[in-house]
Amino acid sequence: MPSDMQHVNQRHAERRLAGEGAPRLPAGLAAAALAGPAKAPVETGVWAESTIDPDRFAALLKAVAAKRDRAAFATLFDHFAPRVKAYLIRLRTEPAVAEELMQEVMLTVWRRADGYDPTRAGVATWIFTIARNRRIDTARRDRRPELDPSDPALTPEPSPLADAVVLAGEWEQRIASAIGELPPEQAQMLRLAYFEDRSHSDIAALLHLPMGTVKSRLRLAIGRLRSKFENVP
Amino acid sequence: MKPTHHLSDEWLIDYAAGAAPEPVSVLVATHLALCPDCRASYRRLEAIGGALLEVASPVAVGAAARESVLARLDDPVPIPAAMPTPPANFPSQLPRPLRDYVPNGLAALSWQRLGRGAAIAWLRCASTTPYKMLMLRIAAGGSVPRHTHRGNELVLVLQGAYVDHLGRFGPGDVAIADDSIDHRPIADKGEDCFCLAVVDAPIRFTGVFSRLLNPLLRR
């Protein structure tokens, strides 16, 4: 899509949000949801360069699990705790509560390190799921039933995930570098979903976009990212 | 057997991102339990969360918070509450994400008849979203009266199978309907068909006689 089109759409959305009766959210929230997407694909000051080193993180977590290695944990803490806190604050958690929840998330990382399976997820992904679930427990009335990998009712995988085994940690790295290259209106969809707690129906309502547009932007974004973990040499 | 009708990306994203309302989470997690293909996609969608966490600009953590965590590493680990044991006659084929909502098995639900061939039972959930969750039972060879939807409807087949103009839906399959679809699902003759359904607006019966059922579903 030509970039002037995006800007037209963006201005359109902002005008609507600024207009009377349009925002069902406090103006500050609506503005926060739109802050950035109209600018460059990578928002300076909000999004940092990826520094993922999947092998190193996995090795540190393994040391925590196997040897209760405190120094390894402290290294993981220094990298991830400020990111978990940033995540919680983006999700409108009060800063004091965010710091408290972040501590619980990092303690969970220490306690459950032996449950980490590097063939299923990278370390950042695993920590993301812990933070996501902890926040839902605290902030929402809604419960979130979890998929249980040991559920006897689970339909088994047809074959061992041979290719996935090698790549789980690498996905994160590839996706992290690809996110900055997404067209802004696609990156915005992902940010609203993952960092602003908006379901795809909420996004359509928030941005006054037809549901079909939201779905197609989400699918385009996923398609682009998917090509990153499927085009593996 | 693997399902052939899958959830589309936007529903998997809602759940991976943590933005799905509870009834949608229940249906997505149950489908994931039954569908290895969607589990593989889902893992990649969670990896997007990991990547976003990685590229989020860090917010400084106070030295006191860091010290506090490091000082608590040896604290006794709180023991999680044990999962309640299901009754002996509990249908073991129900995937775990669904069990808390059907604690005493399908037969113990309060079923309301829907015409001659079908029945529904609402499932309790604390969520305040417009989404409601229900079990649908279509008797072997029976049908759900012709109806359309005012909003989204997700139907996940748990047991048996049904056919409508969109195709045949068996265990683990998901049908996604909106207000453009007017259908009359018919169950296979062999066995009763049980489905989990999630709706965000009342469905509306469109058949000549089944219109009388509409008040039943206002909830």
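Reader: What share of the 233 residues of chain A counts as buried?
Author: This is a predicted model in which local features need pLDDT of at least 70, side-chain atom pairs count only at pLDDT 80 or more, and totals for chains, interfaces and linings use all residues. Residues are numbered from 1 along each chain as its sequence is written, chains are lettered from A and ligands numbered from 1 in the order in which they are written, and side-chain values use heavy atoms, with hydrogens and water left out. Buried stands for under 20% relative accessible area, exposed for over 50%, and partly exposed for what lies in between (1.4 Å probe, protein chains only). In chain A, the buried share is 49%.

Reader: How many helices and strands does chain A have?
Author: Helices (H or I, at least four residues) and strands (E, at least two) are DSSP runs, numbered from the N terminus. Read from the N terminus on, the elements of chain A run α-α-α-α-α-α-α-α-α-α. The count is 10 helices and 0 strands.

Reader: How many helices and strands are there in chain B, and what share of its residues counts as buried?
Author: Chain B contains 5 helices and 11 strands. Of its 219 residues, the buried share is 58%.

Reader: How do helix 8 of chain A and helix 3 of chain B lie to each other?
Author: The axes of helix 8 (residues 184-196) of chain A and helix 3 (residues 36-55) of chain B come within 10 Å and cross at roughly 85°. Axes are lines fitted to C-alpha atoms, for helices over the stretch in contact, with angles from 0 to 180 degrees between N-to-C directions. Angles under 35 degrees count as roughly parallel, over 145 as roughly antiparallel, 65 to 115 as roughly perpendicular and the rest as oblique. The two helices are therefore roughly perpendicular.

Reader: Which residues of helix 3 of chain B make the contact with helix 8 of chain A?
Author: Contact means heavy atoms within 4.5 Å. Helix 8 of chain A brings Leu190(A), Tyr194(A) and Phe195(A), while helix 3 of chain B brings Leu45(B), Ile48(B), Gly49(B), Leu52(B) and Leu53(B).

Reader: Is Asp151(A) buried or exposed, and what does it touch?
Author: Asp151(A) sits in the loop between helix 6 (123-139) and helix 7 (162-179) of chain A. Asp151(A) is buried, because its relative accessible area is 4%. Leaving out residues up to four places away in sequence, Asp151(A) touches Pro95(B), Arg96(B), Pro97(B) and Arg99(B).

Reader: What is the relative accessible area of Asn152(B)?
Author: Asn152(B) belongs to the loop between strand 4 (147-149) and strand 5 (153-159) of chain B. Its contacts, not counting residues up to four places away in sequence, include Trp11(B), Tyr131(B) and Asp200(B). Asn152(B) is buried, with a relative accessible area of 13%.

Reader: What is the phi of Arg92(A)?
Author: Arg92(A) lies in the loop between helix 4 (70-90) and helix 5 (95-111) of chain A. With a relative accessible area of 38%, Arg92(A) is partly exposed. Although Arg92(A) is not a glycine, its phi is positive, at about 65°.
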